[in-house]
Amino acid sequence: MPIVAQSTETTDWVSRFADEVIEESERRAPGKPVVVASGLSPSGPIHLGNLREVMTPHLVADEIRRRGHQVRHLISWDDYDRYRKVPAGVPGVDETWAEHIGKPLTSVPAPKGSPHPNWAEHFKAAMTESLAELGVEFDGISQTAQYTSGVYREQILHAMKHRGDIDAILAQYRTKKAPAKKQQQKPVDEAELEAAEGSGAAAEDDGSSGSAGYFPYKPYCGNCEKDLTTVTSYDDDSTELTYSCTACGFSETVRLNEFNRGKLVWKVDWPMRWAYEGVIFEPSGVDHSSPGSSFQVGGQIVGIFDGKQPIGPMYAFVGISGMAKMSSSKGGVPTPADALKIMEPQLLRWLYARRRPNQSFKVAFDQEIQRLYDEWDRLEAKVADGSALPADAAAHSRAVGTASGELPRTPRPLPYRTLASVADITAGHEDQALRILSDLDPANPLTSLDEARPRYDKAEAWINTHVPADQRTIVRDEPDTELLKSLDEQARESLRLLLDGLADNWSLDGLTHLVYGVPKVQAGFSADATPKELPPEIKTAQRSFFALLYQLLVSRDTGPRLPTLLLAVGQERVRHLLGA
């Protein structure tokens, strides 16, 4: 069932941009579908910083759809860009891939073992799968297909004819570069992930490096396929173009009105596409705020193609927390697929929807993910009872679904931290996990683990891939007899009180009440006494009691929440380990 448009009282950033984009689209192209755009370079793993390039226009496009307008979200795959370097840590790739530097990404072999025909398709496939899981609808455009089929031929000829005008615009920003400052590399869990300007456009030749003058077009060599070429002459009337390759020494003369093996340089290519596609809205990273950036320069060059610059908010970096333990298989750069292994699509959508584009935020792979899930579950409860603030309710609505309907969701969304603890303790034994989760609420037990999926699977994946081995929970096989013998009478009494109450309190709520109540009862208070009714030393006594239980059960001072741990261990084993 489609999700209806938000109330006009909603003041979230998505609605405000949707208002502006609809108004601008009616002014520029009345009666036509609204066009929003993203650009992604499949030059390696497409990370969570790049995802903001997609989610920002997706959320705006979806709001426009909710209001009944036709809209196209274009994703330009910059797969005709040059292969710049061999990324570190990619499985199936070694130093021999360096021989392909300079070729189009679609001409570079895929990593060994990949089912995909080339490098670009290998990394596009992973991102496409993640976008489908996130509910992102888009029209994908392969720039390899566009350029090699001659779709942009007229635009290329037009750019070559007006190369002097383009050169004059670029010349305003060409300055002598200052020596680069050496920066200390951030660890992955502190690093900010940004979408590269174009595909590394900051270092790209803008067409001014040749001695024969400025040319905004760069051929790929007919011999070695690399773009290490220089245009040495061009005739506007005949469109004859001569180039030479510095990589292999090859040179040839071609007719540009028939030639489809090359592309416009990035700072010309991007505004050309704005004009060609009629893009109304496209965001860009904060690197575009500097003078001479592709977005700023493009705003002038787009006029040469009789187009206008899109509305384009700058978006801030996306931070990552807790990736230090991540597998190095992807060079330590987390992708949307990595995030979706440990969190539901709704949560990941919410992270991008609730913050304005110019606000940075972090995607958590460490213990912080449990707090994020707690916050999300509280928001769900507020939305359900109508107490959520309008902007928060709007972000929730954008997270749980799109104009096409709600995303698949977990039927029984139990607390993530509880599921993680159960997955940790049971170490993959599903029958044990179902037993424990059924005991959480004996009045309404789970009948199948599927009711807790996919959230349970995400929590289990987080435990298995992001929690260090020394922090995993291993329940003792036998009692710690030495520790039990050393206990004083007060400690022994606390264990007796706990064991006496197990049978009558065997549920999550019951055990929570029991373990917090034992120190209260020992101190002469009611187990139901509130913190306001208790002296401060009760908290100290509770901490000591909890530490004792952890030592006796898992040989550590801390661990999963005790009620969950007790349920996981089971009554009989708890009694055995506590010396009953």
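This is a predicted model: local features need pLDDT of at least 70, side-chain atom pairs count only at pLDDT 80 or more; totals for chains, interfaces and linings use all residues.
## Aromatic residues

Let's turn to the rings. Searching the whole structure gives 20 aromatic pairs. One of them joins W270 and W274: the ring centres are 4.9 Å apart and the planes meet at 55°, so this pair counts as tilted. The two tryptophans are four residues apart in helix α7, which means that about one helical turn separates them. Buried is the word for both W270 and W274.

Elsewhere, five tyrosines, Y80, Y147, Y152, Y220 and Y276, come together in one aromatic cluster. There is also a charge over a ring to look for: R354 lies over the face of W350, at 4.1 Å from the ring centre.

## The parallel sheet

Strands of a sheet pair through backbone hydrogen bonds, either parallel or antiparallel. Here is a parallel case: three strands make an open sheet in the order β1-β2-β3. At its edges are β1 (34-40) and β3 (139-142), each pairing on one side only. On average, neighbouring strands of this sheet are turned by 25° against each other, direction ignored.

Strand β2 (residues 71-77) is joined to β3 by four bridges, and I75 has G140 in β3 as its bridge partner. Two helices accompany these strands. Helix α2 (residues 48-66) packs on the sheet, where it touches β1 and β2, and its direction makes about 165° with that of β1. Helix α3 (residues 119-133) lies across β1, β2 and β3 and runs at about 155° to β2.

## The antiparallel sheet

Another open sheet has three strands in the order β6-β7-β8, with antiparallel pairing. Why is one side of β6 and of β8 left without a neighbour in the sheet? Because β6 (229-234) and β8 (251-255) stand at the edges, each has a single partner strand. Neighbouring strands of this sheet are turned by 25° against each other on average, direction ignored.

Five bridges hold the antiparallel pairing of β7 (residues 240-245) with β8.

Technical notes:
Residues are numbered from 1 along each chain as its sequence is written. Side-chain values use heavy atoms; hydrogens and water are left out. Two strands pair if DSSP finds at least two bridges between them. Axes are lines fitted to C-alpha atoms, for helices over the stretch in contact, and angles run from 0 to 180 degrees between N-to-C directions. Rings of Phe, Tyr and Trp (its six-membered ring) pair if their centres lie within 6.5 Å; planes under 30 degrees apart count as stacked, over 60 as edge-to-face and the rest as tilted. Buried means under 20% relative accessible area, exposed over 50%, partly exposed in between (1.4 Å probe, protein chains only). A charge sits over a ring if NZ of Lys or CZ of Arg is within 6 Å of the ring centre and within 35 degrees of the ring normal. Contact means heavy atoms within 4.5 Å.
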